[in-house]
Amino acid sequence: METIYWEEEMETLPRAGLESIQLKRLQKLVERVYNTVEPYKRKMDEAGVKPEDIQSLKDIQKLPFTYKDDLRDNYPFGLFTVPMDDVVRVHASSGTTGKPTVVGYTKKDIELWASVMARALSCAGATKGDMIHNAYGYGLFTGGLGAHYGAECLGATVIPASGGNSKRQITIMKDFKSTVLMATPSYALNLAETMEGMGIDPKSLSLKVGIFGAEPWSENMREEVERKLNIRAVDVYGLSEVIGPGVAMECLKSSGGMHVFEDHFYPEIIDPETGEVLPPGEKGELVFTTLTKEAFPIIRYRTKDISRLFYETCSCGRTLVRMEKVTGRTDDMLIIRGVNVFPSQVEHVLMGVEGVEPHYQIVVDREGNMDTMEVRVEVSEGIFSDEIRVLENLTKKIQNDIKDILGVTSKVKLVEPKSIQRSEGKAQRVIDNRKI
Amino acid sequence: MRVEQIAVFMENKSGKLAEITSILAENNINIRALSVADTADFGILRLIVDDVEKAKKVLKSEGFTVGITNVLAVEVPDKTGGLASVLKAINNEGLNVEYMYAFVNKTGENAVLIFRFEDMDKAIDSLQKEGFTLLSSKVICSL
Ligand SMILES: [Zn+2]
């Protein structure tokens with residue numbers, strides 16, 4: 001299978017060339033932001049850093065982070081760098097915990113967004129010959145319009161289905177012969193179930209690939225949606241604070257992870273506690289700097305998403321760094337006896353033990369001055385045995401694997417199926433009983 | 001000659017055994033023999049019942065993890081030396097026992113020993129050669 005590029009030169013640039021482009025863009029960005037946005041200037045002054053201090057890419061580490069709270073504090077347009085006359089569109093994220101966060105785009109920003117989204121679609125093998133069914137919500141949310149402009153930029157035919165009315169969507173998919181589905185993974189599963197209810201065989205549709213994102217989803221979910229819709233399912237990453245969908249995209253040959261369009265969005269992985277940049281391949285918080293956006297650039301934005309970066313060239317030929325599927329949020333991070341532990345790491349260990357299903361719960365407590373971690377694992381038929389010894393060996397194996405991989409001692413406790421509390425179908429993964 | 005045994009995973013919480021046995025009773029499933037093996041955190045309930053498939057189905061539908069394994073049921077006279085004779089034979093034949101438990105039939109004349117061996121085929125050959133009677137599921141349930 002031949003790789004389909006959108007901007008082949010950029011996507012396959014050797015690292016040295018790419019880095020020199022990134023540095024030039026970063027220097028221009030910092031200079032512009034420092035001179036036009038008061039809150040950025042203030043933070044840089046406090047950190048004692050001037051635009052001319054950015055002499056190498058590594059110097060980005062001198063710059064202060066930007067947090068979601070900075071967006072809220074400057075609500076609605078306080079971090080825009082251009083006059084409102086030049087802003088042609090705004091989007092906003094829902095404000096479940098306070099004010100919404102607002103982002104703006106110039107005409108050029110919209111073009112940039114469409115082109116990175118067209119790159120993303122190409123990563124999934126889409127071309128102008130495709131019929132793209134876009135079931136991301138249209139509105140203040142960036143998903144719908146972001147995907148829409150990308151599909152048009154690619155030259156494909158886009159069906160602006162938006163969310164809701166699944167039966168009608170399925171009829172359209174069937175009649176219009178949609179070949180590419182874009183949706184949240186949970187909505188894709190909803191479509192699959194509706195299809196089943198309508199007695200429609202997914203094989204009778206023309207769908208070949210699904211591009212899913214905007215919410216965390218597991219490898220299990222990928223397998224399920226691929227099977228139920230008879231498609232390849234690939235992961236797209238984006239967030240409105242950076243641009244929207246199209247920040248990173250998995251390719252069809254992916255050796256693991258999504259290609260970050262790093263000529264525009266510069267990624268770093270940091271230790272969420274210390275803020276230190278971590279070496280390539282290590283797990284930590286993803287931080288983004290937009291190198292080319294005009295209206296609303298952002299410097300070292302703390303995404304709170306946990307990922308890793310892989311710099312090896314992908315088998316598709318792209319040199320662009322790959323980010324691992326987001327495996328958690330820093331909000332979920334536990335510090336146990338000084339060790340950072342993410343529930344997703346525990347899940348990963350469990351998935352590696354044959355027969356174990358990822359139904360687990362982590363209970364953290366404190367005995368004296370010592371943190372304790374208990375991992376409760378539901379006993380499925382796949383691991384059950386009528387012999388005590390076999391089950392005891394299993395708990396020991398999981399304990400050892402957790403110790404080896406996470407570096408923390410735990411006690412593994414086998415529990416009955418469905419005994420882990422679930423709220424609205426979602427299991428409560430962590431119970432922290434420490435009184436700190 | 002193998003007998004199907006049902007094994008159920010139980011957390012060590014009071015009332016679990018009563019819960020399982022009453023589910024079986026409500027579904028008219030008779031328990032012929034029962035044993036509990038436990039650790040500090042969990043236990044394994046092993047049961048010989050008259051309808052293994054049904055027992056598995058109802059317990060699963062109540063959310064329990066259930067497994068079916070083969071065991072051997074050896075009949076011995078319920079008198080001094082009955083158990084010793086079987087254990088001696090097992091030792092002589094070099095059979096490894098994973099676990100065992102026993103029950104007495106209704107007439108009280110014979111005891112039935114339930115064994116799970118590491119090597120079940122070898123155990124069947126050896127015990128039959130030594131002249132012991134291995135009971136079938138059907139016979140056990142009619143006892
Ligand atoms: Zn690739």
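## Close-up views of chains A and B

Six salt bridges (a side-chain nitrogen of Lys or Arg within 4 Å of a carboxyl oxygen of Asp or Glu) are found by the rule across the interface of chain B and chain A. This is a predicted model, in which local features need pLDDT of at least 70, side-chain atom pairs count only at pLDDT 80 or more, and totals for chains, interfaces and linings use all residues. Residues are numbered from 1 along each chain as its sequence is written, chains are lettered from A and ligands numbered from 1 in the order in which they are written, and side-chain values use heavy atoms, with hydrogens and water left out.

**View 1. The interface of chain B and chain A.** The side chains of A:Glu387 and B:Arg116 form a salt bridge, 3.8 Å from N to O. The contact (heavy atoms within 4.5 Å) involves 18 residues of chain A and 25 residues of chain B. About 1,700 Å² is buried between the two chains, 57% of it on carbon and sulfur atoms; buried area is the accessible area (1.4 Å probe) that two parts lose on being put together, summed over both. Of the area that chain B buries against chain A, 32% comes from B:Phe9, B:Glu11 and B:Thr65, more than from any other three residues.

**View 2. Strand β11 of chain A and its partners.** Strands are DSSP runs (E, at least two residues) and helices are DSSP runs (H or I, at least four), numbered from the N terminus; two strands pair if DSSP finds at least two bridges between them. Strand β11(A), residues 284-290, has seven of its seven residues buried (under 20% relative accessible area; exposed is over 50%, partly exposed in between; 1.4 Å probe, protein chains only). Six bridges pair β11(A) with β10(A), residues 265-270, in the antiparallel sense, and A:Ile269 stands opposite A:Leu286. Strand β12(A), residues 301-307, also runs antiparallel to β11(A), with four bridges; here A:Tyr301 is the bridge partner of A:Phe288.

**View 3. The surroundings of A:Thr81.** A:Thr81 lies in the loop between α4 (68-73) and β1 (87-93) of chain A. With a relative accessible area of 12%, A:Thr81 is buried. Leaving out residues up to four places away in sequence, A:Thr81 touches A:Arg32, A:Val33, A:Thr36, A:Val37, A:Glu294, A:Ala295 and A:Pro297. A:Arg32 is 49 residues from A:Thr81 in sequence, and their C-alpha atoms are 8.1 Å apart.
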